[in-house]
Amino acid sequence: MGLYLLDYGAGNVQSLANTLTKLGHEFTWITHPADFDKATSLIFPGVGAFENAISHLRSKGFLEPLRHYINSGRPYFGICIGLQVLFQSSTESPSPGLGLIPSHIEHFNDIDKAVPHIGWNAAHSIDPLNEADPPYYYFVHSYRAEYNPEKYPEVAQWAYTITQYGQEVFISSIRKGNVFATQFHPEKSGAAGLALIDSWLRLPERARSIPPSPRELLPRPPRAKHGLTKRVIACMDVRANDEGDLVVTKGDQYDVREKAETSAPTPGSGVIIARTAGAVRNLGKPVALAARYYDAGADELCLLNITSFRHSPLQDQPMLAVVRAAAECVFVPLTIGGGIKDTVDPDGTKRSALEVAGAYFRAGADKVSIGSEAVYAVERLREIGKPDGTSAIETIAFAYGRQAVVVSIDPRRVYVDIETYDGPYKDEVVRGKSDGPESERYKAWWYQCTVSGGRETRPLSVVQLAQGIELLGAGEILVNSIDRDGTGLGFDLELVNLIKRSVKIPVIASSGAGSTDHFVQVFCDTDVEAALAAGIFHREEVRIPDVKEALKDVNISVRR
């Protein structure tokens with residue numbers, strides 16, 4: 001008897017297991033329908049799509065035992081899909097939910113905001129006495145339960161906290177009787193999320209089943225602005241060095257080898273090390289740097305494997321081990337990229353992109369990043385005129401939800417005559433600003449897509465790529481700039497704005513940051529949801545706390 005953890009077979013449940021272990025709580029996995037009878041407390045860390053969750057629960061014989069468990073009055077803690085399945089149904093799925101809550105889960109509208117809702121947002125208590133300083137948690141979802149006491153009074157009785165996104169107010173957590181559930185991911189919400197889980201588990205089991213005191217439910221009109229913060233993301237390019245060890249590296253225009261003999265301190269240690277000309281640039285160990293960035297306040301982390309598992313990703317055990325180890329000490333979202341595609345092992349075994357992504361989700365990743373394969377998928381889409389359901393983007397988004405799929409793009413400028421160009425991309429032409437970098441003034445260009453880290457161009461514009469990616473089901477676009485990478489000139493604002501105008505999914509700006517002012521600039525001059533950097537963080541030329549302080553000074557909302 002005791003605490004049980006439900007894994008329905010999809011998504012990253014390992015993150016919650018790591019959290020429970022860190023907090024010192026023992027648990028047992030639900031592996032058989034009979035295990036529900038043994039549980040005295042149950043956590044359902046649902047990740048992914050509603051239909052996938054219901055079908056997996058049904059196929060494993062878990063659906064009715066789960067319903068019986070909740071109806072028995074024993075404590076239940078649901079996370080994300082673990083909250084949504086309590087409702088009657090979802091517009092995401094033809095299958096009904098458990099029907100405990102008499103209402104429906106619906107898709108966010110994208111009239112005034114990007115969807116999915118991804119990032120850190122405030123969870124406001126229904127009790128006005130607790131409204132002074134609401135905690136911020138990490139959300140990643142496209143569907144929500146509307147909070148409207150006048151329209152849905154029975155549903156509002158379940159609401160414990162509510163959250164604003166755009167002009168929509170939705171239920172971000174529920175609490176009634178033995179049921180507590182959150183739309184956000186406390187296991188990925190840093191110290192605030194860990195404290196929430198720990199406080200629930202340290203209550204006596206009897207106290208977890210006592211209904212909260214009656215409270216007045218007041219209509220909550222939309223605020224002038226939602227509370228979603230801007231995200232600062234640290235990225236680590238990981239590859240094997242010449243000795244076979246995985247290291248974090250950073251290239252100058254994608255060249256990751258040292259140009260000359262140097263001596264420099266290892267980041268964060270002060271120890272002087274020699275760097276040999278021609279050797280892979282070593283900026284630290286991936287797990288150690290990930291832990292450092294988590295402690296520094298990074299909102300998300302990316303681990304991009306740039307060489308090791310291009311041909312046999314599931315046989316790359318060192319990288320899987322890095323992900324597992326990082327997930328044990330990092331409690332914010334972790335994105336893994338590199339090799340997320342259909343492959344064939346050296347022995348001839350075929351591996352699908354979905355299978356590869358699943359391995360990394362089970363190891364502790366929350367999202368996967370797809371690169372060149374997305375370009376090829378959009379080319380196929382444009383050739384046949386519709387999605388065919390076979391691309392990595394489509395298969396992974398169907399199984400895990402579009403919020404689990406990031407597409408990383410590497411456009412390159414193609415300069416044209418500013419007066420005479422009348423080519424196919426004339427509507428996408430950008431003109432350099434007169435007060436911009438000297439090398440760009442009075443010039444004009446469009447952005448061409450590339451693959452293989454910028455080494456090969458494709459007959460596709462960046463707008464065509466971005467819109468195709470969105471249609472195929474990606475949840476976010478990571479916008480790199482080959483022309484700005486490693487320059488320290490700042491983010492390519494024209495490129496970022498071009499992408500933001502073209503799609504309605506969140507966009508992450510990358511490449512070119514050289515100072516805290518560049519982060520301020522990209523958030524002030526574009527509507528981008530997040531900004532990412534690598535080398536300047538690795539070399540400690542810019543610190544994440546300094547970036548957040550600079551953003552706070554100009555009233556840009558960030559997670560503290």
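An open sheet of 3 strands is ordered β5-β6-β10, with mixed pairing. Its edge strands, β5 (87-90) and β10 (143-144), each pair on one side only. The model is predicted: local features need pLDDT of at least 70, side-chain atom pairs count only at pLDDT 80 or more, and totals for chains, interfaces and linings use all residues. Residues are numbered from 1 along each chain as its sequence is written, and side-chain values use heavy atoms, with hydrogens and water left out. Strands are DSSP runs (E, at least two residues), numbered from the N terminus. Pairing requires at least two DSSP bridges between two strands.

β5 and β6 (residues 101-107) pair in the parallel sense over 3 bridges. S90 has I105 as its bridge partner in β6.

C80 belongs to strand β4 (residues 76-80). An unreviewed UniProt entry lists C80 under "binding site"; such annotations may be inferred rather than shown by experiment. C80 has a relative accessible area of 3%. This residue therefore counts as buried (under 20% relative accessible area, 1.4 Å probe, protein chains only). Beyond residues up to four places away in sequence, C80 touches G46, V140, T182, Q183, F184 and H185 (heavy atoms within 4.5 Å).

Strand β18 (residues 300-305) is mostly covered, with 6 of its 6 residues buried. In a regular strand, side chains alternate between the two faces of the sheet. E300, C302 and L304 are buried on one side of β18, and L301, L303 and N305 on the other. Strand β14 (residues 231-240) runs parallel to β18, joined by 6 bridges. V238 has N305 as its bridge partner in β18. A further parallel pairing, of 4 bridges, joins β18 to strand β19 (residues 334-337). There, the bridge partner of L303 is I336.

How values were computed: Buried < 20%, exposed > 50% of the residue type's maximum accessible area, 1.4 Å probe, protein only.
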